[in-house]
Amino acid sequence: MSRKRPGQVRAGQHLRDHLTYRPRIRGLSSAAHAEVARVETSRNHLYVGYTADAVRMWRNLVHNPYRRLWVEYEHDGCGVWQCCGSPFEARTLLEAVIVGMSRRRARELRSLVDQLDDLY
């Protein structure tokens, strides 16, 4: 029985996982990133990179010197959550992702979010 060459086997494999862009969250290990990706793909209301966007939005608000003047307008902005979304909604999302993660990996994301909360 003849067998396929390794190049033919690799050509038939799906490279979807290698081509998918997964944004990195500064301060998390690769195992925690894998856990975040698992939570994002297992929930219907999340998409790949949603948690990284939420961390970025919360970090931007916390480090903004005018954060106390931030006002949420109902009908203002472009309507895209990554651009004009609420950082407080992002913080709520981070809490939901932490609850969905395993205890050990959630500790990493929790410490990162707690550091930002302390600055706020």
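This is a predicted model: local features need pLDDT of at least 70, side-chain atom pairs count only at pLDDT 80 or more; totals for chains, interfaces and linings use all residues.
**Entry 1**

I then turned to R38, which counts as partly exposed because its relative accessibility is 39%. The side chains of E35 and R38 form a salt bridge, with an N to O distance of 2.6 Å. Both residues belong to helix 3, which covers residues 30-42. They stand 3 residues apart, about one turn of that helix.

**Entry 2: E95 and R110**

I next examined E95 and R110, whose side chains meet in a salt bridge at 2.5 Å, N to O. I placed E95 in helix 6 (residues 87-100) and R110 in helix 7 (residues 103-119), so this pair ties together parts 15 residues apart in sequence. I noted the relative accessibility of E95 as 26%, which makes E95 partly exposed. R110 also counts as partly exposed, at 25%.

**Entry 3: R105 and E108**

I checked another pair, R105 and E108, and found a salt bridge between their side chains at 3.3 Å, N to O. Both are in helix 7, and their spacing of 3 residues separates them by about one helical turn.

**Entry 4: Total**

Finally, I looked up how many salt bridges the structure holds. The count is 5, including those of R38 with E35, E95 with R110, and R105 with E108.

Note on methods. Residues are numbered from 1 along each chain as its sequence is written. Side-chain values use heavy atoms; hydrogens and water are left out. A salt bridge is a side-chain nitrogen of Lys or Arg within 4 Å of a carboxyl oxygen of Asp or Glu. Helices (H or I, at least four residues) and strands (E, at least two) are DSSP runs, numbered from the N terminus. Buried means under 20% relative accessible area, exposed over 50%, partly exposed in between (1.4 Å probe, protein chains only).
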